[in-house]
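Here is a short note to read beside the model. Please keep the structure open and check each point as you go.

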Amino acid sequence: MGELMFIRARYGHGGRVGYDKEWRADPKFSGGGELIDQGIHLIDLAGWFLGPFTTVEGQAATYFWNMPVDDNAFLNLRTARGRTAWLHVSCTEWKNLFSFEIYGRNTKLHIEGLGGSYGVEKLYHYQMKPEMGPPDTKLHEFPGPDESWRKEMIEFEKDIQLKRQPDAGLAEARTALQIVEQIYRKSGFDFDSAPAKP
C-alpha cells in the first residue's frame, strides 16, 4: 500500500418509527447516542490502522430524532505524524451503510457492506500505476454469512488459554471510549450525570 495517509469512513442506519423511544435513545441505558453505538467501532478500526490519535476534534449533534442523545457525529482524528481519520456516523442515513476507505500512497482499499441490510461485503482494491491515471481495480465479494463474531470468540478463547495479550484489548477499548467522551463533552452532552435505572 505504501505509507498510510488517511482513512475516510461512514457508518449509519436509518432508524425506524419509534426509534427515539427505544433503549438506544435513553442515555441511562445506552451511555450516549450514535457516537457510542456505531462510532466507537470506526474509532477503534481507524486507530488500529493509523495508530494512536493525539488530536481529537469533532461534533455530536441531534438533528432529526426527538431524543436526548446524538443522532449524528463527525470526527476529525489525527496522529502525531499527521495521519487523519475522517469519520461520520448517523442514524439518519435512511439506508443502512458501512463504508471504510484506507488511503495509502500507492493503494486505496474500500471496504463496503456488512451483509444483511447493509449489503454484500465487498473489498475494492485500487492500485495506482507508476504513470498514475485510472488505477488498476479489483473487486472481491464476500456473499456468505458473517463469521466474524464466531472467529473473534475463538481467538479470544485462545488468548485466555495461551495467556496472550489480545490484538484489541482493554487499553484500546479505553482509548476509543476516551475519544467518545471528549467529543460528547465538546458537544455539550453530559451523560455522566444521568442516574442509572434499577
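How many positive and how many negative side chains does the chain have, and how far apart do the centres of the two sets lie?

1. **Charges.** The chain has 24 positive and 28 negative side chains. The centres of the two sets lie 3 Å apart. Lys and Arg count as positive, and Asp and Glu as negative; His and the chain ends are not counted. Each charge is placed at NZ of Lys, CZ of Arg, CG of Asp or CD of Glu.

2. **Ground rules.** This is a predicted model, in which local features need pLDDT of at least 70, side-chain atom pairs count only at pLDDT 80 or more, and totals for chains, interfaces and linings use all residues. Residues are numbered from 1 along each chain as its sequence is written, and side-chain values use heavy atoms, with hydrogens and water left out.

3. **Layout.** The chain has four helices and eight strands. Helices are DSSP runs of H or I with at least four residues, strands are runs of E with at least two, and both are numbered from the N terminus. From the N terminus the order is β-α-α-β-β-β-β-β-β-β-α-α. The radius of gyration is 18 Å, close to the 16 Å that the globule rule gives for 198 residues, so the chain is as compact as a globular protein of that length. That radius is taken over C-alpha atoms, and the rule is 2.2 Å times the number of residues to the power 0.38. Along its principal axes the C-alpha trace spans about 60 × 45 × 40 Å.

4. **Burial.** Of the 198 residues, 36% count as buried. Buried means under 20% relative accessible area, exposed means over 50%, and partly exposed lies in between (1.4 Å probe, protein chains only).

5. **Core.** The largest nonpolar core has 37 residues. Such a core is a set of buried Ala, Val, Leu, Ile, Met, Phe, Trp, Tyr and Cys residues joined through side-chain atoms within 4.5 Å. Elements giving two or more residues to this core include β1 (4-12), β3 (72-79) and α4 (170-186). The largest share, six residues, comes from α2. L42 is among the residues with the most contacts inside the core. Leaving aside neighbours within four places in sequence, L42 is in contact (heavy atoms within 4.5 Å) with A9, R10, Y11, L87, H88, V89, F98 and F100.

6. **R78.** This residue sits in strand β3. R78 counts as partly exposed, at 25% relative accessibility. Beyond neighbours within four places in sequence, its contacts are F53, T54, T55, E57, R83 and T84. R78 and T92 are 14 residues apart in sequence, yet 26 Å apart in space, C-alpha to C-alpha.

7. **D26.** Look in the loop between β1 and α1 (27-30) for D26. Is D26 buried or exposed? D26 counts as buried, at 15% relative accessibility. D26 and F191 are 165 residues apart along the chain, but their C-alpha atoms are separated by 9.9 Å.

8. **Positive phi.** M132 is not a glycine, yet its phi is near 65°. M132 lies in the loop between β7 (121-127) and β8 (136-142) and is exposed at 52%. K163 is not a glycine either, and has a positive phi of about 55°. K163 lies in the loop between α3 (148-162) and α4 and is exposed at 76%.
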